[in-house]
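Here are my notes for your first read through this model. Keep the viewer open and look up each place as you come to it.

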Amino acid sequence: MRIVSKKDDEIVVLALPSEDIPKGGYLVIDDTSVNKEMVVQVYDETYLDSSSFLDEIVRDEVIKSSAPSTENDPLQISALSYMLMDMRFLKCKIRGTFQDGHFIPISTWLPSRTSSKIRLVKVNELYSKILGRTDLNVAIGTTTDGQPYHISLNNLDGQLNIITGKKESGKSHLSKILVSKLVENGAYVIVFDINNEYAGIVKKTDGSETAISRKFLRMKPSENLIFSLEYIGKRTLVNVLQNVLDTPGVTLREFIRIIDDLQSKGCLTIKELGEAIQNWKCNEFVRDALFTRYYSLLSSKLFSDDLEDTFDVEKVLRQFHEGLALVIQLGNTSPLTRKIVVEALLNKLCDLLESGRIPPIFLFAEEAHLYLRDTYWDDIVTRMRHYGVFTTFITNQPDAIPNGIYRQADNIFLYNFVNTNDLEMVSRASTVDVETIKSLVRTLPPRHCLIIGKVAASMPTLVKVASLDFQAMGETKRFFKNRLAVVMH
Ligand SMILES: Nc1ncnc2c1ncn2[C@@H]1O[C@H](COP(=O)(O)OP(=O)(O)OP(=O)(O)O)[C@@H](O)[C@H]1O
Ligand SMILES: [Mg+2]
């Protein structure tokens, strides 16, 4: 291999047909004269472009088709010319430099074209040189060079992550692997499970239990996830009234007065709230508006005065002190209930974290735009993250996540996109250059993803995600598949 040219952050390398360099692979350009090594990533490859080759290809094809058996080439000229035609230009992006054993993520020097030696480097070798020794390593798949791929859970801790890609590419599968590994290592994870599919992580395909089956709790709103008004408190209740139930200002003011009144008497219950509205001195229109909201709260069946049944985050975390996957099943619930649950839980978590009463929590939010109100996005990446809510967003609609969130993301797991708009949007918003993302992601097969960010030591890496042994449950239901099964019985 040889360097051909350099422009901005890009280097073009010439490779022989026999040198098998995979797209996404890393090369090290070792210039011994200055004792530096440049790390570059191959993001695309092309043929040598020359009109003389074109002429030759055409001539060759014509000769072959007109006189196929008259091959007489004692000097092997054609072999040489074929080799030339198959030579490739590898388009590479510069990722950094090794100097005196240290890695610097920028590169301000030019390696020698004549004396530099170029070699393919394995991803794991690169990682260990950049990251040094890491702990809490978990295997999540294999690299393109066929080696096990590990990430350190430390690099998910305290971070904002995004998993995105087209439908059925394997996003939820990866998310389940991350949840399992975190919980196995003692973390507290809350999952907003929009398709009710995460319960599968406690069972292997043969029906036996997985390592985390005793650290798992499945909560279904209105069934076993019920709150008491006293527990969620005034702030959350007002937030729900204002943001979820669109309570107008005047009505909200009356509500706050009623809540204050009940709280001062120590009887903030759903029953007392109904009676207080009935007997409250106010305009009949306001009373109607109050009742409408009150009935919406009732109809969500999320509230109860029976303290035995109601949910208490602290109690649950104390019970599962070795780690917990708390899966909130939001599938088959109305959008209103979903929003109330999310509002109530996030507010409560913030209160508890702010006062240091619970340890940090990892939050996995599938298709968050379906239940997260607009003002929460920024809150999650700033205030909540500061208190200790570390979020992973999972979505097949990348434009549903605000642009700013991508820029703040520490790790992005990118699956295939065929839609150019989606690809365009993600590549513009992430920290890696547009060319790399477009070229590598467009050709990704299912179950493969491009990992960008801290977990990948800022070296974008292609990974085939492992097929961990748990029940999937995420498959899309099919009409014909079921019919076939019925016919066969
Ligand atoms: N690495 C993998 N190994 C084995 N099976 C996988 C892998 N990734 C995904 N699958 C399977 O492929 C199917 C689709 O995966 P998954 O549900 O994770 O896709 P998704 O991207 O979340 O799709 P959607 O956009 O519909 O939510 C599932 O049946 C899942 O078990
Ligand atoms: Mg999914």
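1. Start with Asn35, which sits in the loop between strand 3 (26-31) and strand 4 (36-47). Strands here are DSSP runs of E with at least two residues, helices are runs of H or I with at least four residues, and both are numbered from the N terminus. Asn35 is exposed, with 10 other C-beta atoms within 10 Å. The wording follows a count of other C-beta atoms within 10 Å of a residue's own: 20 or more is buried, 12 or fewer is exposed, and in between is partly exposed, with C-beta atoms placed from the backbone. Asn35 also has a positive phi of about 60 degrees, although it is not a glycine.

2. A word on what you are looking at: this is a predicted model, in which local features need pLDDT of at least 70, side-chain atom pairs count only at pLDDT 80 or more, and totals for chains, interfaces and linings use all residues. Residues are numbered from 1 along each chain as its sequence is written, while chains are lettered from A and ligands numbered from 1 in the order in which they are written.

3. Now compare Asp8, in the loop between strand 1 (2-7) and strand 2 (10-15). Asp8 is not a glycine, yet its phi is positive, at about 50 degrees. Most residues other than glycine have a negative phi. Is Asp8 buried or exposed? Asp8 counts as exposed, because it has 8 C-beta neighbours inside 10 Å.

4. Phe89 belongs to strand 5 (residues 88-99) and is partly exposed, with 17 other C-beta atoms within 10 Å. Leaving aside neighbours within four places in sequence, Phe89 is in contact (C-beta atoms, placed from the backbone, within 7 Å) with Val4, Val12, Leu14, Glu45, Thr46 and Leu48. Arg119, in strand 7 (residues 117-121), is exposed, with 11 other C-beta atoms within 10 Å. Not counting residues up to four places away in sequence, Arg119 touches Leu27 and Val28. The C-alpha atoms of Arg119 and Val28 are 5.5 Å apart, although 91 residues separate them along the chain.

5. Two packed helices are described by the angle between their axes and the distance between the axes. Here axes are lines fitted to C-alpha atoms, for helices over the stretch in contact, and angles run from 0 to 180 degrees between N-to-C directions. Helix 5 (residues 229-244) packs against helix 6 (residues 249-265) at about 155 degrees, with the axes 11 Å apart. Helix 5 is therefore roughly antiparallel to helix 6; under 35 degrees counts as roughly parallel, over 145 as roughly antiparallel, 65 to 115 as roughly perpendicular and the rest as oblique. On the helix 5 side, Lys234, Leu237, Val238, Leu241 and Gln242 meet Leu252, Phe255, Ile256, Ile259 and Gln263 of helix 6.

6. How do the axes of helix 6 and helix 8 (residues 284-299) cross, and within what distance do they come? They cross at roughly 75 degrees and come within 9 Å. That makes helix 6 roughly perpendicular to helix 8. The meeting residues are Val250, Thr251, Glu254 and Phe255 in helix 6 and Val286, Ala289 and Leu290 in helix 8.

7. With helix 7 (residues 270-279), the axis of helix 6 comes within 10 Å and crosses at roughly 125 degrees. Helix 6 and helix 7 are therefore oblique to each other. Ile258, Asp261 and Leu262 in helix 6 meet Glu272, Leu273, Ala276 and Ile277 in helix 7.

8. Finally, look at helix 11 (residues 374-387), whose 14 residues reach 20 Å from first C-alpha to last, close to the 20 Å expected at 1.5 Å a residue. That expected span is 1.5 Å times one less than the number of residues. Helix 11 bends by about 55 degrees at Ile380, the bend being the angle between axes fitted to the seven residues ending there and the seven starting there. The buried residues of helix 11 are Ile380, Val381 and Met384, and they pack against helix 10 (335-354), strand 15 (389-395) and helix 12 (403-408). Helix 11 is followed by Gly388, with a positive phi near 125 degrees.

How values were computed: Contact = placed C-beta atoms within 7 Å.
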